[in-house]
Structures are given as structure tokens and as C-alpha cells.
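The sequence and structure come first.

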Amino acid sequence: MSLTFPISVSEDIAIRLAGAADSKTLFGLVERNRLRLGRHLPWVERTISTRQVSAFLRIASRQHAAGDGFHACIEVAGQLVGMIGLHPIDWLNRSVALGYWIDHGCQGRGVVTACCREVVRICFEHYDLHRVEIRCATTNRRSCAVARRLGFRREGVLRGAHLVGGRYLDMVVYGKLKGSTA
Ligand SMILES: CC(C)(COP(=O)(O)OP(=O)(O)OC[C@H]1O[C@@H](n2cnc3c(N)ncnc32)[C@H](O)[C@@H]1OP(=O)(O)O)[C@@H](O)C(=O)NCCC(=O)NCCS
């Protein structure tokens, strides 16, 4: 089964591969959401211009070309509002972790849950993976809620596992296995 973008998630939500031309818009979104994103995502404080966004998009493009996962733009009614992606796939264990963020203005509408549901399906059906993970800070109520809404199982807490904004955060690991309900 080939993976063809854009992927329609619902009538007005789609995910599509990000290209160099998206750097400016993505950087604008990071700037507008810097405080909120920076609480949870370690790369935000290092993203100080479109240069870092472009560099990330080049890595993401190579990742996709190598068949090793992807990072995609989330669009609502044709507007770029966030990103969803896969960390590099652990092929030895057929396992991967999801990442995502969305503009404040689109929060609270179920957009991320809907996109994640589609990406999880892709992980199991297209990449034939055995395990998908979501790791989020214990304090990241909204991200934990996304994992729960998707039926992921809360498997444990990794203490002080992520350094974000100079603080070590405890990370909850949520997991879902292929063919199981969680
Ligand atoms: C984490 C993050 C992506 C979650 O965004 P979100 O908008 O809360 O998630 P969803 O798009 O799935 O929306 C869920 C909300 O929409 C509501 N909703 C409305 N319609 C819905 C539907 N059809 N399906 C699911 N939820 C729906 C839910 O009730 C929930 O709102 P609530 O929390 O007020 O109850 C966002 O908070 C974010 O960008 N945070 C900063 C970056 C980050 O933490 N990334 C994750 C790192 S692990």
C-alpha cells in the first residue's frame, strides 16, 4: 500500500507533507504560540528564525524519502494550523512515537485527535508497525487527553526524562499495540 499525501481526515481537515515553502508560515505559528508550545516541546526555544524550521523540514523530507516516517502539516479549511509527525521508526522493534502541536485558535475542536487517529492507522497498516507510543509530560493535560481519547494505554511514567526550558519533566508513556484495543 503506498502512502499518498494529502490525506483527507474529515471534510475540512487534511494532512499533507510540509515543503520548504511552508517554513515562513510554520515559523509564524511557532512565534504566535511560543509560550504555550515552549512549555512542552524542547525544540521551540531553539527555533528562533525560519532557518531552524527549514533545516527541520529538510530532515523530515529525507526521513519520508527513506520510508522512515514523516512530518506533515495539519490543515483546517485549507489553512496550515499545526503539525503531526512520527519520530524516526525503531525498525528493530517495529515501534514509533507520535508528535503533534496545533495553533491556539484551533485547539479544543478535536482536530489533533482526528489526525492522530489517521496517523495511527497509517503506522499499523502502511508501515506495519507493532507499537505506537505517545509520550507527554505528566502536566500536559491536553496531550494526555489526546492519548486517552485514542484508546492508548497509560503504561508508566519516565521520571525527569525530557529537558524542556531548563526543567526536567516526568513523561507519561502511552502505548497502543497492533490488533489490540490498547
Ligand atoms: C496537545 C495539543 C496538540 C492538544 O490539542 P487539543 O486541541 O486539546 O486536542 P484535540 O484537537 O484532539 O481537541 C480535543 C478537544 O476538543 C474537544 N472536541 C470537540 N469536538 C471533538 C471531537 N469530535 N473529537 C474529539 N474531541 C473533540 C474535546 O472535548 C477537547 O476539548 P477539552 O480539552 O476542552 O475537553 C495542544 O494542546 C498543543 O498544541 N499543545 C502544545 C504542544 C504539545 O503539547 N504537543 C504534544 C507534546 S506530547
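A polar side-chain atom of Asn140 lies 2.7 Å from an oxygen atom of the ligand, where a polar contact is a pair of N or O atoms within 3.5 Å. The model is predicted, so that local features need pLDDT of at least 70 and side-chain atom pairs count only at pLDDT 80 or more, while totals for chains, interfaces and linings use all residues. Residues are numbered from 1 along each chain as its sequence is written, and side-chain values use heavy atoms, with hydrogens and water left out.

| Residue | Part of the residue | Distance to a ligand oxygen |
|---|---|---|
| Gln107 | N or O atom of the side chain | 2.6 Å |
| Gly108 | polar backbone atom | 2.7 Å |
| Asn140 | polar side-chain atom | 2.7 Å |

On its own the ligand has 940 Å² of accessible area, of which the protein covers 73%; such areas come from the Shrake-Rupley method with a 1.4 Å probe. The elements giving two or more residues to the shell are H2, S5, helix H4 (111-125), strand S6 (131-137) and helix H5 (141-149). Helices (H or I, at least four residues) and strands (E, at least two) are DSSP runs numbered from the N terminus. With five residues, H5 gives the most to this shell. There are 22 residues around the ligand, and Gln107, Gly108, Thr113, Asn140 and Arg142 come nearest; a residue is near if one of its heavy atoms lies within 4 Å. By type, the shell divides into nine nonpolar, seven polar and six charged residues. In this grouping Ala, Val, Leu, Ile, Met, Phe, Trp, Tyr, Cys and Pro are nonpolar, Asp, Glu, Lys and Arg are charged, and the others, Gly among them, are polar.

How many aromatic pairs does a search of the whole structure find? The search finds three. Rings of Phe, Tyr and Trp (its six-membered ring) pair if their centres lie within 6.5 Å, and planes under 30 degrees apart count as stacked, over 60 as edge-to-face and the rest as tilted. Phe5 and Phe70 form an edge-to-face pair, because their ring centres are 5.1 Å apart and their planes stand at 65°. This pair links distant parts of the chain, with Phe5 in the segment before strand S1 (7-8) and Phe70 in the loop between helix H3 (50-65) and strand S3 (71-76), 65 residues apart. Both Phe5 and Phe70 are buried, where buried means under 20% relative accessible area, exposed over 50%, and partly exposed in between.

Trp43 and Trp101 form a tilted pair, 6.2 Å from centre to centre with 55° between the planes. Trp43 lies in the loop between helix H2 (34-38) and H3 and Trp101 in strand S5 (residues 95-102), so the pair ties together parts 58 residues apart in sequence. Trp43 is partly exposed at 29% relative accessible area, whereas Trp101 is buried at 9%.

In helix H1 (residues 23-32), Ser23, Leu26, Phe27, Leu29 and Val30 are buried. Seen down the axis of H1, the buried residues fall within an arc of 155° and therefore line one face of the helix; the arc is that of the directions from the helix axis to the C-beta atoms. The face turned away from this buried side carries the exposed Lys24 and Arg32.

Some backbone angles also deserve mention. A cis peptide bond, with omega about 0°, joins Phe5 and Pro6. Ala77, in the loop between S3 and strand S4 (79-86), has a positive phi near 50° and is exposed at 60% relative accessible area.

Technical notes:
Buried < 20%, exposed > 50% of the residue type's maximum accessible area, 1.4 Å probe, protein only. Polar contact = N/O pair within 3.5 Å; in protein donor to acceptor, adjacent residues only side chain to side chain.
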